[in-house]
Amino acid sequence: MDRNQGDINPLTDFGETDFTDELIDFFEQKQNSKTDKNDAKIKPENIGISNNQNLNYKKMEILPNPVQVIPPNAEQKELFEAPFKGSKDTTVSLEKPKLTPEQLTSIPDVIDGHQLSVKDKYDLLLDALVVDQRDVYYFVDDKGYIMRHFTEEPTDKDKRFVNFEDVTFDMKKTQLNEQNFEYLKKSLKYLGFGENLNSALEVRLKEGSDKFTLGASAAFATPNAKDMVNYELRFSKSKTTDNYFLNDYQATLEKGNANGTVQEPVSRVFTLNKGNDITAKEAYNLLSGRSIQKNAEITSKFEIRAGFLTPAEAKVSTMPEARAKVQELVKANKNVDYEIWHQDAVIKRFDAKGKDITDKSVARENLALVHSFIHKNDKSNDDIPYDVKDMAGARQMVKELTKDKNTASLTLTEKGIPVARFDEKGKEIDLPPTKRKEEVWMKLDFEKKNDQGDFPFKTFFKNYGFDLDKAVTAHPIKELNDPDHRERLMSSLKRGNLQSVTLEKNGTEEKAFVAASPQFKNLSLYDKDLKLVYEKQQEIKGQNQEDKGYQRSR
């Protein structure tokens, strides 16, 4: 078993992929190659492979939230309502509230073709905007959304909210950072939010606020109900430039029941800009209780032990932390020698007084000193390994090699594992933790909350023992007989989808749904009505690495 699982950091895995519908998985977009890629209002009604191919995927539709303005504050409301309350204070009753520049900017300049004056914006925000010769008036609700109300007929639900395609903003005096705008549009696209938010994004960027949010909703059709996810995307402006960043988004799932009711909402914040980010659809799958697989960069931990066969007393991320922990343990137990381990190799050994005795007490084998240097001409790096007998020989060779002024660093390895590092002058420096790439399964733990108040992640590394191919093959799934269908099925399950399949039993075919269940090292099997049929919990022999933080860094 790998003793050092460490922290995980998803690797950036976005390329210049041409999504025909940005909400669907890679294999799904192959099936929609005829879709108009320039249509910003794509609403996929049937995503994925046709029914006769026995693979049906989630239906998903992203819609931007309606136009939201900065609502009036309590003081503005009080001043506006004072004349209608019969106040005896004439000063108060005659004073009218003033709108802030930010409020005026947040209100569109044109709604449904009607050009708004400053007075119109005032009426819209604090009372109601009545347009001459029209049977409709506009107002702002408590959340800041612009609403319509038709006077001559019932207000249709779809027409009640004013959307961004119904308005325009006068932004002639504001400069837009086009490069930053394109970057953010790509970010939204790769995250699965499509192009429908672009017009709202442009408006908010031109406003120039330090922070702003965009809202979006997604509808997911299941065989017996409809799930809704509301997304709140949070942007902030750089403190040093005019660039904006999409920092995170909050996804809130309202899961539908077969009888038309809605379950208690489930919500989580997903941090962005730090790696292979969780997409809108993956967020839905996670909030639904399913698992997804992400390509991760795992940083190994330094372990402090009181001997080779003893369990780790502590695990830390850096060598300074490891040395400090050793000194802390020595004070508590003065009769024990402690060692710092990294990737199954002793890095340092300390006696019962906390003194470094590595060179005198650690017998090393198969040592190699890797000389990293910089070429004078092209400034590129190169590494040359040298075999050394022991630590004394290694330190002597360090002195010789650092005479080369092009030396960048030197790393001592034992059986290929780094155990010591030296700078260009030959001074021993802290050994950095090593990193490796690995596919990691993850799901949300709904039984507890982390320090941020969010459901933490459960993570299942390779050595946990879940084999998706083995789990899938254990079931009589018809789609496995076709290589293309098998590949799409596996890809879909890795993204956390609840996948429709055909089970072959005793010469008959039966429709079912499956999802990956790495925690139980199996598939979750559902019948055609989405009732759970099978999710066998096997004996867990490997270590279940729960809540490793899924922290990402730039």
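In which helix of the protein is confidence lowest, and in which is confidence highest? The mean is lowest in helix H1 (residues 26-30), at 33, and highest in H8, at 96.

**Figure 1. Confidence along the chain of this predicted model.** The protein averages a pLDDT of 81, and 82% of the residues score at least 70. Over residues 1-58 the pLDDT is below 50. Beyond near neighbours in sequence, the model gives residues 1-58 170 contacts. Another stretch, residues 538-554, also has pLDDT under 50. For residues 538-554 the model has 56 contacts beyond four places in sequence.

**Figure 2. An open sheet of 5 strands.** The strands follow the order S19-S18-S20-S21-S22, and their pairing is antiparallel. Strand S19 (381-388) and strand S22 (428-429) are the edge strands, each of which pairs on one side only. S22 and strand S21 (residues 417-422) are joined over 2 bridges in the antiparallel sense. Arg-421 has Ile-429, in S22, as its bridge partner.

**Figure 3. A tilted aromatic pair, Tyr-137 and Phe-139.** A search of the whole structure finds 13 aromatic pairs. In one of them, the ring centres of Tyr-137 and Phe-139 are 6.3 Å apart and the planes are at 45°, so the pair is tilted. Tyr-137 has a relative accessible area of 26% and is partly exposed. Phe-139 also counts as partly exposed, at 24% relative accessibility.

**Figure 4. A stacked aromatic pair, Phe-220 and Tyr-284.** The ring centres lie 3.6 Å apart and the planes are at 10°, so Phe-220 and Tyr-284 are stacked. This pair links distant parts of the chain: Phe-220 belongs to strand S9 (residues 211-221) and Tyr-284 to helix H8 (residues 280-287), 64 residues apart. Are the two residues buried or exposed? Phe-220 has 0% relative accessibility and counts as buried. Tyr-284, with 0% relative accessibility, counts as buried too. Helix H8, which holds Tyr-284, is also the helix with the highest confidence, at a mean of 96.

**Figure 5. An aromatic cluster.** Which residues form the cluster? Phe-193, Tyr-231, Tyr-249 and Phe-270 make up one aromatic cluster.

**Figure 6. Lysines over phenylalanine rings.** Lys-185 lies over the face of Phe-181, at 4.5 Å from the ring centre. Elsewhere, Lys-449 has its charged end over the ring of Phe-455, 5.0 Å from the centre of that ring.

Conventions:
Residues numbered from 1 in each chain as written. Predicted model: local features only at pLDDT ≥ 70, side-chain atom pairs only at ≥ 80, totals over all residues. Heavy atoms only, no water. Pairing = 2+ DSSP bridges. Helix = DSSP H or I, 4+ residues; strand = E, 2+ residues; numbered from the N terminus. Phe/Tyr/Trp six-rings, centres within 6.5 Å; stacked < 30°, edge-to-face > 60°. Buried < 20%, exposed > 50% of the residue type's maximum accessible area, 1.4 Å probe, protein only. Lys NZ or Arg CZ within 6 Å of the ring centre and 35° of its normal. pLDDT = per-residue confidence, 0-100. Contact = heavy atoms within 4.5 Å.
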